[in-house]
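Hi! Here is the structure I promised to pass on. Have a look at it first, then read my notes below.

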Amino acid sequence: MEYKLVPLDLLVLVSLSLFFCSTVEGANITVQMGRSATLQCTGITNVFREWQRLDTGDTWVQLITLYTGGSTPDLQEKVGLDTFNLRGRFTATADDDFTATITNTRASDDGRYQCDGSSSGGSIVHTLLTYNMVSASIEPAGPAIGYIGRNFQFRCEALNSKPTASFNWTKQGDSNFAATGATLQFSNLNVNDSGTYQCTAYHAYDSDTATVQLMVTEEPATTPTSQGRTGGSNIGTNAPQTGGLSTGAQAGIGIGVALGCIALAGVLAYFFVVKRKRAVESGGEDFALQTQPGGHPGAPENLSRPPPNEPEVMYAELDLKNAPAGSRRPYVATPDDSPTEYAQIRPDKPPRSSVPHTLGPDNKTEYASISRQKPGRRDDLQAV
């Protein structure tokens, strides 16, 4: 068999072509959300280069392209910036380095980015991972109070941590104390459980701590037998609880109620006295005579106003048919009584006078409603 040697320069050319046409795995870049990430395009020297991002369908999508074969570099932004919500945050330098930067990083920026030198320039791929650690916190906040013989628990949180945080607990001054998990549970508390506890929230890229103080004491006599979230335990309480209102508060409520009742009774008594006084001034309980100035609604038109220079006329409806014998007081007629007539009554005439008297211009005039007399009844007016 005959062998032919391959020229050395040809081997070198083939080796260089294989190197530049291959894809190089770049860096695994981790950055805290909100900060900036830098992507290098080292070793890619073709006149046409582009930054791409791998989508969920394993397809490379253009972000920015750079052409340096002309008199000036030609840098162009592509629609892929909108696809991945990177416009305004993903930029690249228009020079030989073609370095890309992502500002204000977000969780959605996680993925694979490639600087590609086309078919003859090779490529380099970087993997970006963002992380976040929100400050750790403990509930309930201290100082917290626990009661001897009861159960108790603290809970540590690091909300919106990326990736999800893990937790462990330590106790200041006690190197033998250790616990894991978000919840620190105590059963059958005793005074030795008092102290300051520290929670550490952590993941592969960051961590944060929080502390809380627990004070274990005797349970007050007024504390109910069942506290907290479960019977017979005080979970996460930070102050003693009592069974009801204090004696002072109860006394204050009683005094307030008593004063309110006294005030109400006073108001009722006031209105009763005023009403009684007005009734007496108007003629007594049995004399419900209602008068009004001016013309009576049913008075004759010529008697509705007093003559000039005379006192104001008062009208009243007098019921004569129901007046008991010897009565000197008029009675108010009801709507069911017989029709009334109006007459001028002279006050200075004898009270038993049965005939109305016409007064002179200088005498005071009063109008009265007189029941029309029924057959068989007296015709005299029972009025004073």
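**Notes on the backbone**

N85 is partly exposed, with a relative accessible area of 45%; here buried means under 20% relative accessible area, exposed over 50%, and partly exposed in between (1.4 Å probe, protein chains only). N85 has a phi near 55°, which is positive even though the residue is not a glycine. You'll find N85 in the loop between α2 (80-83) and β6 (90-92). Helices (H or I, at least four residues) and strands (E, at least two) are DSSP runs, numbered from the N terminus.

Before you go on: this is a predicted model, where local features need pLDDT of at least 70, side-chain atom pairs count only at pLDDT 80 or more, and totals for chains, interfaces and linings use all residues. Residues are numbered from 1 along each chain as its sequence is written, and side-chain values use heavy atoms, with hydrogens and water left out.

F98 also has a positive phi, about 50°, and is not a glycine. F98 is in the loop between β6 and β7 (100-102). Is F98 buried or exposed? F98 is buried, at a relative accessible area of 0%.

Next, the cis peptide bonds. One joins E139 and P140, with omega about -5°, and another runs from G142 to P143, with omega near -5°. P140 lies in the loop between β10 (137-139) and β11 (144-147), and P143 is in the loop between β10 and β11 too.

Last, an unreviewed UniProt entry lists residues 251-273 as "transmembrane region" (positions are in the numbering used here, feature names are shortened, and annotations may be inferred rather than shown by experiment). In the model, residues 251-273 are 100% helix and 0% strand, with the end C-alpha atoms 33 Å apart.

Cheers!
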